[in-house]
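Please keep the sequence and the model at hand while reading.

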Amino acid sequence: TKNNFFTYNFHGPGGLSNSWGAGCSKLTTKDLGVTDKFLKSLYPYYEMCEEKIGITSRGNDLLDSYLGTFRNTGDKANLNPRFMFPYLSNETITLGYTRQAITTTDKSEFRKACRDCGSTFIHCSNGSVYNSANVLKEIKNDINLISNAYVTKIKKIENKFLVTYISNGTEREVKAKKIILGAGPIESAKLIYTLLNSENKIKNSLELKLNHNPMTRLFFISTTKSKKNKYNAGQMVGRINYINNTNFYLSLVDGNSVPTSDIIANFPIKNKFFYNIFDILKKYLVFGFIFFPSDYSDVTIQIDNNKYLYREKEKHKMKDIINFSRKKLRNFFLKNKLFLMPKILSNMTPGSDLHLGSTFPIGEKDYLNVNENCELNGMPNIFIIDGSWMPKIPEKPHTFTLMANAMRIADFISKKHIFNEN
């Protein structure tokens with residue numbers, strides 16, 4: 001946590017894709033803040049992604065119009081009995097099933113079918129949860145992959161780029177004609193800073209908007225004990241309808257499927273006594289998270305050499321919408337025999353959502369925006385394909401959109417390369 005902003009680094013293969021909830025949705029122009037033309041070019045790649053990664057969805061529920069409809073790319077995953085609610089909607093709340101990037105059919109030797117993720121979810125031994133680590137294994141024979149390495153700076157030399165990286169403690173360099181950045185909005189911004197600074201395109205520091213999804217944590221308690229299960233992937237999600245067609249995204253997780261160590265990690269007192277208490281209590285708990293759209297986000301990042309300063313001014317925006325959501329959820333879930341507990345450990349540090357973006361959004365400014373092909377304005381052949389290009393971060397899952405757009409940009413670069421060679 002820095003300057004009241006939480007940042008999380010994952011240095012293993014696949015980065016943060018090893019730690020995502022695998023939720024998928026298809027976004028609209030309103031969700032993203034993009035043009036109809038852009039979205040039209042994106043949608044064919046949604047379909048390609050569906051088949052490539054495999055979507056576990058029960059589909060055809062009340063959230064089709066909100067999360068989008070997905071084709072059947074495998075068998076339906078088992079549903080956690082905890083979430084077989086008798087009431088699924090009212091005038092404010094609509095519940096449905098998570099559309100998740102988990103395959104129930106064999107995709108490759110590194111991604112085998114799994115209907116319940118072996119009760120480990122993220123670390124499924126079958127590799128059923130889609131992440132970049134498994135993709136790297138699949139294409140290792142087709143690319144020159146430098147492992148155990150990280151890039152420190154980029155510099156322009158004539159019509160190419162010089163990339164400096166550290167590999168096994170040794171500084172090395174490689175030249176490149178094109179650079180595609182997918183390091184995450186913060187790390188990509190740091191590398192763009194080194195490039196712009198070497199070209200004298202910025203004075204002193206680089207200050208960027210850093211959008212994210214503000215969120216709050218919920219605890220529900222049930223009068224019935226959840227049985228030990230292997231249904232970590234069978235999450236229930238929902239839409240909370242606010243004013244002016246604004247929505248908030250609700251995600252529910254059975255407490256019994258969460259490792260006790262993860263629960264105690266967020267508790268201020270960590271000892272064996274409280275560990276044992278939570279180990280018993282979690283069988284009666286359902287955890288909830290509400291994600292709010294980036295319209296309620298107010299964070300900037302200032303980059304100056306090796307110093308990074310985060311400024312956060314959004315807490316004043318959150319009180320009313322959190323109270324509204326809690327009131328609506330409390331009344332709704334009483335009918336489903338879940339009781340919302342008081343605001344214990346409900347506050348979450350900005351950035352805890354890990355849904356970051358908008359550092360170089362689609363726009364017209366040189367060096368601060370990318371065009372609709374995610375190429376940095378004023379700096380040809382620098383492409384940014386992580387969340388940096390998104391003008392807005394919707395409350396719904398957006399990683400699936402990043403995947404689809406990355407495939408779209410890959411096609412664009414490939415076709416452009418072939419044209420230039422000819």
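## Cysteines

A disulfide is taken here as a pair of cysteine sulfur atoms within 2.5 Å. The model is a predicted one, and by that criterion the structure holds 0 disulfides. For C24 the closest cysteine sulfur belongs to C49, and at 8.6 Å this is too far for a bond; the sulfur of C49 likewise has that of C24 as its closest cysteine sulfur, at 8.6 Å. C24 is buried, with a relative accessibility of 2%, and C49 is also buried, with a relative accessible area of 2%.

## Salt bridges between separate parts of the chain

The structure holds 11 salt bridges. One of them joins the side chains of E50 and R71, with 3.9 Å from N to O; because E50 lies in helix α2 and R71 in the loop between α3 and β1, the pair ties together parts that are 21 residues apart in sequence. E50 is buried at 1% relative accessibility, whereas R71, at 39%, counts as partly exposed. E50 and R71 are also linked with K26, E51 and K107 in a network of salt bridges.

R99 forms a salt bridge with D64, their closest N and O atoms being 2.6 Å apart. This pair links distant parts of the chain, with R99 in the loop between β1 and α4 and D64 in helix α3, 35 residues apart. Both R99 and D64 are buried.

## A salt bridge within a helix

The side chains of K190 and E187 meet in a salt bridge of 3.1 Å, N to O. Both residues lie in helix α5 (residues 185–198), where a spacing of 3 residues separates them by about one helical turn. K190 is buried, with a relative accessible area of 16%, while E187 is partly exposed at 32% relative accessibility.

Notes
Residues numbered from 1 in each chain as written. Predicted model: local features only at pLDDT ≥ 70, side-chain atom pairs only at ≥ 80, totals over all residues. Heavy atoms only, no water. Buried < 20%, exposed > 50% of the residue type's maximum accessible area, 1.4 Å probe, protein only. Salt bridge = Lys/Arg side-chain N within 4 Å of Asp/Glu carboxyl O. Helix = DSSP H or I, 4+ residues; strand = E, 2+ residues; numbered from the N terminus.
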